[in-house]
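Please look over the sequence and the model shown here before reading on.

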Amino acid sequence: MAEMGSKGVTAGKIASNVQKKLTRAQEKVLQKLGKADETKDEQFEQCVQNFNKQLTEGTRLQKDLRTYLASVKAMHEASKKLSECLQEVYEPEWPGRDEANKIAENNDLLWMDYHQKLVDQALLTMDTYLGQFPDIKSRIAKRGRKLVDYDSARHHYESLQTAKKKDEAKIAKAEEELIKAQKVFEEMNVDLQEELPSLWNSRVGFYVNTFQSIAGLEENFHKEMSKLNQNLNDVLVSLEKQHGSNTFTVKAQPSDSAPEKGNKSPSPPPDGSPAATPEIRVNHEPEPAGGASPGATIPKSPSQSSLPAVVVETFSATVNGAVEGSSGTGRLDLPPGFMFKVQAQHDYTATDTDELQLKAGDVVLVIPFQNPEEQDEGWLMGVKESDWNQHKELEKCRGVFPENFTERVQ
């Protein structure tokens with residue numbers, strides 16, 4: 001019996017709800033057709049418009065904040081990968097390796113801290129702020145339904161009162177239903193009339209706090225990140241200075257008359273083309289007895305069984321400081337010991353004081369090393385033709401350069 005009673009109550013509620021929906025639908029149709037007046041509250045309607053606007057703005061802010069956080073996360077991952085790359089290329093014997101690794105660790109921790117604080121102080125606050133809207137939105141919709149019930153009860157009561165044949169019992173019941181509908185509606189209406197303006201005004205303080213938090217967190221993050229970047233820059237500057245002073249190169253014994261030069265490995269030219277000119281070394285033998293002219297020996301490289309005859313002849317002629325022309329007179333317009341000309345095919349940026357700075361198209365007059373022991377494989381000694389023609393001072397103009405950046409032209 002209890003089960004049947006329960007089912008009966010449930011069925012009764014369903015029937016009641018269905019009847020309410022039908023009554024409301026009928027009332028709305030009559031109102032739209034102008035056959036029934038509708039209770040209006042312009043002040044409340046303005047509050048509802050403000051509520052909808054506030055909800056739209058808040059939802060957009062939440063979406064954009066989540067996008068911002070996703071971007072921070074992506075930047076964190078990119079920064080982490082970059083730091084890992086630096087750690088991999090930073091060779092163990094280079095100074096500052098431990099400092100660079102520590103900076104990378106602190107960089108990772110700083111990104112994680114920044115992201116977490118944005119979540120705690122901005123996103124969670126945003127979620128809490130928007131969390132109150134669904135309930136209020138539901139109550140606004142329910143108030144609308146109760147207003148239709150009130151209007152329907154009012155119209156029903158008025159129609160019974162104006163009927164030609166009055167039924168006092170029906171009128172009394174209709175009046176009772178009207179009072180009940182009015183009470184339910186007014187209770188909900190009063191609560192919303194107080195809450196909606198308060199919620200609307202709260203948006204100002206919320207927006208201020210949210211953007212202040214984001215701005216403050218971002219400012220502190222960049223300050224701390226700037227310190228780490230400066231520390232990393234200092235480590236790299238120190239590495240560059242020590243490397244630039246040949247800390248990581250094996251030095252040859254310097255001579256008194258030539259600039260000090262460590263062993264060098266020539267950089268590949270931009271197009272990766274191989275060296276075009278074989279290595280050439282000149283050994284000056286002491287003057288033999290009897291006043292004979294000194295000779296020049298040209299050692300052969302492993303990949304070269306002999307040098308072109310013109311090179312040998314040029315070397316032999318330049319030992320005495322002159323190159324014989326077709327007329328047999330000395331070429332005084334060329335530097336002492338001139339061997340041949342090359343032209344730069346690519347730009348080359350000097351990395352030391354005894355190197356030549358080359359631009360594509362520069363012509364270089366190649367001369368022998370004063371101390372053959374100082375010549376590194378793949379490097380030549382020379383003076384740019386433009387500098388020689390202007391200054392005629394070999395000591396100030398000469399320098400070494402990678403031969404694979406040039407091509408012989410004469």
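Is Lys-341 buried or exposed? Lys-341 is buried, because its relative accessible area is 15%, where buried means under 20% relative accessible area, exposed means over 50% and partly exposed lies in between, with a 1.4 Å probe and protein chains only. This is a predicted model, in which local features need pLDDT of at least 70 and side-chain atom pairs count only at pLDDT 80 or more, while totals for chains, interfaces and linings use all residues. Residues are numbered from 1 along each chain as its sequence is written, and side-chain values use heavy atoms, with hydrogens and water left out.

**Salt bridges**

- Side chains of opposite charge can pair when their charged atoms come close.
- The structure holds 15 salt bridges, each of them a side-chain nitrogen of Lys or Arg within 4 Å of a carboxyl oxygen of Asp or Glu.
- In one of these, Lys-341 pairs with Glu-385, and their closest N and O atoms are 2.8 Å apart.
- Lys-341 belongs to strand β3 (residues 340-344) and Glu-385 to helix α7, so this pair ties together parts that are 44 residues apart in sequence; helices (H or I, at least four residues) and strands (E, at least two) are DSSP runs, numbered from the N terminus.
- Glu-385 is partly exposed, because its relative accessible area is 21%.
- Another salt bridge joins Lys-384 to Asp-362, with 4.0 Å between the closest N and O atoms.
- That pair links distant parts of the chain, since Lys-384 is in strand β5 (residues 379-384) and Asp-362 is in the loop between β3 and β4 (363-367), 22 residues apart.
- Both Lys-384 and Asp-362 are buried.
- Glu-395 and Arg-398 also meet through their side chains in a salt bridge, at 3.2 Å from N to O.
- Within this pair, Glu-395 counts as exposed at 56% relative accessibility, whereas Arg-398 is buried with a relative accessible area of 13%.
- A network of salt bridges links Asp-135, Arg-139 and Glu-195.

**A patch of negative charge**

- On the surface, Glu-186, Glu-187, Asp-191 and Glu-194 gather in a patch of negative charge, a patch being made of residues with over 30% relative accessible area and no salt bridge, in which like charges are joined within 9 Å.
- Glu-187, one of the patch residues, lies in helix α5 (residues 168-244) and counts as partly exposed, because its relative accessibility is 47%.

**Polar contacts**

- The side chain of Asn-107 makes a polar contact with the side chain of Ser-79 at 2.9 Å, where a polar contact is a pair of N or O atoms within 3.5 Å; within protein, one must be able to donate a hydrogen and the other to accept it, and residues adjacent in sequence count only if both atoms are side-chain atoms.
- Asn-107 is in helix α3 (residues 97-131) and is buried, with a relative accessible area of 10%.
- Thr-162 lies in the loop between α4 (133-161) and α5, and its side chain reaches the backbone oxygen of Glu-158 at 3.0 Å.
- At 66% relative accessibility, Thr-162 counts as exposed.

**A positive phi**

- Most residues other than glycine have a negative phi.
- Lys-392 has a positive phi, near 55°, although this residue is not glycine.
- Lys-392 is found in the loop between α7 (385-391) and α8 (394-397), and counts as partly exposed at 41% relative accessibility.

How values were computed:
Patch = residues over 30% accessible without salt bridge, like charges linked within 9 Å, V, L, I, M, F, W, Y side chains within 5 Å. Areas by Shrake-Rupley, 256 points an atom, 1.4 Å probe, with all protein chains shown as cover. Lys, Arg positive; Asp, Glu negative; His and termini not counted. Charge placed at Lys NZ, Arg CZ, Asp CG, Glu CD.
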